[in-house]
Amino acid sequence: MKVGLFIPCYINQLYPQVGIATIELLEKLNVEVVYPSQQTCCGQPMANSGYEYESVGAYNNFVNNFKDFDYIVTPSGSCAYHVKKHYDIIPQTEEVVAVRKNVYELCDFILNVLKRKDLGAAFPYKVGVHKSCHGLRGLRLGSCSEVVEEKYSYIEELLNEVKGTEIMPLKRADECCGFGGTFAVTEEAVSVKMGKDKIKDHLESGVEVITATDTSCLMHLEGLVNRNNQPLKVLHIAEILNSNISSKN
Amino acid sequence: MSHPNLASIFNKDEKRVDWHDKALWFVRHKRDRSVHNVKGWESLRELGHGIKAHTLSNIDNYLIQFEVNALNNGVQVHWAANAEEHNQIVHKILKKNNAKKVVKSKSMLTEECHLNPYLEADGIEVIDTDLGERIVQLAKEPPSHVVLPAIHKDRHQVDELFQEHLGTEPCDGDPQYLTAEARKHLREKFIQADVAITGVNFAVAETGGFVVCTNEGNADMGAHLAPVHIACMGVEKIIPKQEHLGVFLRLLARSATGQPITTYSSHFKKPRKGAKMHIVIVDNGRSEQLSRPDFRASLHCIRCGACMNTCPIYRRSGGHSYDYTIPGPIGSILSPGKDLKKYSTLPFASTLCGSCSDVCPVKIDIHSQLYKWRQIITKNTPQPFIKKKSMKVMGQIFAKPSQFEKIGKVARWSLRNLPKSFINSKPNAWGKARDLPKGPKQSFDDWHKQREDNKLKNK
Amino acid sequence: MANRDTILASLKANKPKLIDLPFIDAAVFDEQLDLAAEFTKILEVVGGNVVAVSNDDEIASHLQNSFSELPIKYSTIDESYGSIDLETIANPKDLENLDVLVLESTIAVAENGAIWLADKNLPIRVLPFITKHLAIIISKKDIVPYMHQAYTKLNNTESDDYGVFISGPSKTADIEQSLVIGAHGALSLTVYLKG
């Protein structure tokens, strides 16, 4: 099984620890991971801003880097979704079709391809799960409250097996955090309000650490938490699943 | 004004935003409780979608069939290509019947056509009879929601409005008292009305009849008392058969308010003895929207308002921030088809979270259409130079790995070394309320390269 | 006519290729409801009052006890109950002071508490809206599970010139989402469930 690792641009530059946790975790699970060094970005930032045509170069670069892998794994539901849903504007060669089909968000890959659940992690904290929208309603990594279906959640299935972790319930389990790419700056007022409300929900539930499948949401929430000196930490799910902390102190 | 501007004004009063958000989230919550109790709900949505898609693919024939049947039922049928014609037709019917007093039940179409000011200019009194509509009419505001027109007003504001316009006693916003007073006030209007105007929720080709849904009973009070009933409908309200009502009436109220059905679902077919009935069928941009394959499904909309209630942006920016007859996510995919430039910020008033598409009872892919409108807007309307340029540069950086690495290094250095006051200064909207991440010394690329190098060395 | 033809022509030109009409398979939704129990439960949730009765005398005595102080009444079932003669009503507006109206229906829906009233049950259309209190008599055997079956039943009978599904008394929540019973239509709904 040839697995290529895609590290989203902002994780590469701003949150390398998430990429490191991802690669270490996959290696722990005996996956031989290749990190193609010529990768950049899935192209989403331009496309969601209405400049899809400016992202064609990024799309082609992505396909060139990942066309030879059986699976492409990424610690981002949003990027995986973008490749799957929006790479329809470039010619649908065999390679493009294969890349779109084989791209997986990390939890999805571990649970449904590797068929692993208990990863031997320990993380003794109260955790609030932020269900990032593109993963949830795009990739269907879990059931969402709008749809009448059986309840499931890949990220929670994995977290449930983490020693010491307590998943805290939220009042609004799957409302958007307000990041939304350039939305965060073009609609600054609403974006910030959404983030504040989200954090409030977590704080009121006694959450110590917010986690998600997407660092982009977490960057937005962390920005607010840090500005307002709130007693919360944010960690990507890969960082928790790669932890082995036996006690709080 | 653009959506971001109006939204930031709305957000100046955070308590009010919280109140508005909670009121609508409560409605969304009621919707959830209701639909999760319906066996086969998702199949029902699938049917709603399928029936609408089929109908649009044969819409001209269904409208012809509807017209034939309506005429046979003794109903007069009129066709209006646009808002102006719609208003003229209605006006003409009023003139012919010497009508001076009109009662109207809720109709987003007549809002869209700005019928009230048109008729009022000729001295005709038009009274909106839905309580929420009456409230916004007294306040001289447009509705801020398709089902809950006055959701942006609190009880105290209604209290004050009624004191001023209806002469009610101060009541500390008691909804029971205010509703009872409205009932009295509007009862008089119903009794005096020369003509009743209603909207249409569904028009049935097979029977030539149409269905109007209300909770208050105002459509029926108007239509059964006045000697003339005018029903105004967009072309997309047509459905093929009566049995299809079984699908849509199951979907509509549950999605709208969580009720199992509206209190009244009235099926009009023939005028009552001695009375007249007219139907005005309106295009006003709908056939043009039908021509756009990516956007025609927006015409499936049954105006339940569920996408508004679920939208985290709508709840925190208010219906008026959209500055369009139909606000919220559905309005944001309908409005660009009407005026691309004027409504160019609406498809961007979304995080593309997709909740709207998942609550939609007729499965309109609202968030995908928002994304598609964005692509069209950037190409066809003037965009800020800086946005256009930065997207181009970003596109080039991401297309060439070598450049990406260089730029990344500079960005991380800046985040680490420039003072916070500079990074979060005014031009950076991110930094107004949020900190930026601390730029790490090493990117993941750097770390990985180092690791690979060490591996080689250790071999 | 010019408008009509232009509109139809442009719809025809702009519509997509014919898409199949889906078939409604009502079995998908069936959950074997206890019809009378479900109907009663839902109607009470939407603000109606359900009274189970075994004969007409029980209806008469319940009506007597409930609305004894109200003078203006009309019943399509029992002429002796009424205090007004509809023949004398020249204009529906003259019904403005009607206190109590008693009607009969032959279709009710369990899933949403809706009751079908049509021209044949309604001497004057505005009656169930203009009355202050509405009472409807329905037999248990006439309750269908879902709207699908209600329309099947309607399709099998002669089409009505006007008909309405009524579920509960009139209501509004337009003032701050506070539910208030009694908007423009009836202030109360009592359903007598026979059999």
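The centres of domain 1 and domain 2 of chain A, taken over C-alpha atoms, sit 21 Å apart. Domain 1 covers residues 3-113 and domain 2 covers 126-241, with bounds that come from an automatic or database domain assignment. This is a predicted model, in which local features need pLDDT of at least 70 and side-chain atom pairs count only at pLDDT 80 or more, while totals for chains, interfaces and linings use all residues. Residues are numbered from 1 along each chain as its sequence is written, and chains are lettered from A and ligands numbered from 1 in the order in which they are written.

**Between the domains of chain A**

- The contact takes 25 residues from domain 1 of chain A and 22 from domain 2 of chain A; two residues are in contact if their C-beta atoms, placed from the backbone, lie within 7 Å.
- On the domain 1 side, the elements giving two or more residues are α1, α2, α3, α5 (77-86) and α7 (106-113) of chain A. Helices (H or I, at least four residues) and strands (E, at least two) are DSSP runs, numbered from the N terminus.
- That side of domain 1 has 14 nonpolar, eight polar and three charged residues. Here Ala, Val, Leu, Ile, Met, Phe, Trp, Tyr, Cys and Pro count as nonpolar, Asp, Glu, Lys and Arg as charged, and the others, Gly among them, as polar.

**Strand β5 of chain A**

- Four of the five residues of β5(A) (residues 126-130) are buried, so the rest of the structure largely encloses this strand. Buried means 20 or more other C-beta atoms within 10 Å of a residue's own, exposed means 12 or fewer, and partly exposed is in between, with C-beta atoms placed from the backbone.
- β5(A) runs parallel to β6(A) (residues 166-167), joined by two bridges, and Val127(A) stands opposite Ile167(A). Strands pair if DSSP finds at least two bridges between them.
- β5(A) also pairs in the parallel sense with β7(A) (residues 209-212), over four bridges; there His130(A) faces Ala212(A).

**How the chains meet**

- Two pairs of chains touch, and the most contacts are between chains B and C.
- Strand β9 (residues 264-268) of chain B and strand β8 (residues 162-166) of chain C run antiparallel, joined by five bridges. His267(B) has Gly163(C) as its bridge partner in β8(C).
- Between chains A and B, 58 residues of chain A are in contact with 57 of chain B. Among the chain A elements giving two or more residues are α4 (56-66), α8 (133-138), α11 (188-204) and α12 (215-227). The chain A side divides into 27 nonpolar, 22 polar and nine charged residues.
- Chains A and C have no contact, and their closest C-alpha atoms lie 13 Å apart.

**Helix α20 of chain B**

- The 17 residues of α20(B) (401-417) should span 24 Å at 1.5 Å a residue, and the end C-alpha atoms are 25 Å apart, which agrees. The expected span is 1.5 Å times one less than the number of residues.
- Phe404(B), Gly408(B) and Arg412(B) are buried in α20(B). They cover an arc of only 60 degrees around the axis, so they lie on the same side of α20(B); the arc is that of the directions from the helix axis to the C-beta atoms.
- The buried residues of α20(B) pack against α1 of chain A together with α19 (385-399) of chain B.
- On the face turned away from that buried side are the exposed residues Ser402(B), Lys406(B), Val410(B), Trp413(B) and Asn417(B).
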